[in-house]
Amino acid sequence: MGDYGIAQLCLNGHLITSKSNDITPKQNFCSSCGQTTISACQKCDTPIKGSYREVSQIDPPFRNSNSPYSKPSYCYNWGEAFPWTQRSQEAAFELINLSDDLNDTEKEDLKQSIIHLLKDTPKTSIAQVKFKKYVTKAGSEIAKGLKDILIDIVSETVKKAIWTSWRILRTTKV
């Protein structure tokens, strides 16, 4: 039995701490990018879930889990994207617009697939196929850029489906 600590991240998603047990800021600004830090949803003020802590019967009363912390993409109370998720999506869309190898319809379809990759919906499997198809056509620079942008905000399942044994990684050396 246990509970979650409170995480503090910057608006770009850099983790400050995942183990706080109060909402007092540990840092006001990120040391990596200078952005403001938050420890609660900006819409509803719900604390951001941190690392899971097991309750112990001995001192100290809490023991942190050995599981690595994975920052949330969406507020579990409000359902809205956190700033780092929104910013990553916007950056991915901007990168897609730079592709000369995709037509406008393909660019829009790729953008929609990214939305479903981020949300883990019933359309995520379809989105994975579309993503691979369009990114392969868009080329290695776009593929590498999208991987760099999305790798920290998609689920482990999506990561494995898209980047593990992905043929573009072998053929274009992303």
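**Working through the model**

Colleague: To begin, does D45 count as buried or exposed?

Modeller: D45 counts as exposed because its relative accessibility is 59%. Buried means under 20% relative accessible area, exposed means over 50%, and partly exposed lies in between, with a 1.4 Å probe and protein chains only. The model is predicted, so local features need pLDDT of at least 70 and side-chain atom pairs count only at pLDDT 80 or more, whereas totals for chains, interfaces and linings use all residues. Residues are numbered from 1 along each chain as its sequence is written, and side-chain values use heavy atoms, with hydrogens and water left out.

Colleague: Where does D45 lie, and what is its phi?

Modeller: D45 lies in the loop between β3 (37-38) and β4 (49-55). Its phi is near 65°, a positive value in a residue other than glycine. Helices (H or I, at least four residues) and strands (E, at least two) are DSSP runs, numbered from the N terminus.

Colleague: Which residues does I48 touch?

Modeller: Residues up to four places away in sequence are not counted; I48 then touches G5, I6, A7, L9, I38, S39, A40, C41, Y69, P72, F82 and W84. Contact means heavy atoms within 4.5 Å. I48 and L9 are 39 residues apart in sequence and 8.8 Å apart in space, C-alpha to C-alpha.

Colleague: Changing topic, how do α1 and α4 pack?

Modeller: Helix α1 (residues 83-97) and helix α4 (residues 140-150) pack at an angle of about 175°, and their axes are 9 Å apart. The axes are lines fitted to C-alpha atoms over the stretch in contact, and angles run from 0 to 180 degrees between N-to-C directions. That angle makes α1 roughly antiparallel to α4, a term for angles over 145 degrees.

Colleague: Which residues make the contact?

Modeller: From α1 they are S88, A91, A92, L95 and I96, and from α4 they are I142, G145, L146, I149 and L150. These residues divide into 8 nonpolar, 2 polar and no charged. Ala, Val, Leu, Ile, Met, Phe, Trp, Tyr, Cys and Pro count as nonpolar, Asp, Glu, Lys and Arg as charged, and the others, Gly among them, as polar.

Colleague: Which residues in α4 are buried?

Modeller: I142, A143, G145, L146, I149 and L150 are buried in α4. Seen down the axis of α4, these residues fall within an arc of 165°, so they line one face of the helix. The arc is that of the directions from the helix axis to the C-beta atoms.

Conventions
Parallel < 35°, antiparallel > 145°, perpendicular 65-115°, else oblique.
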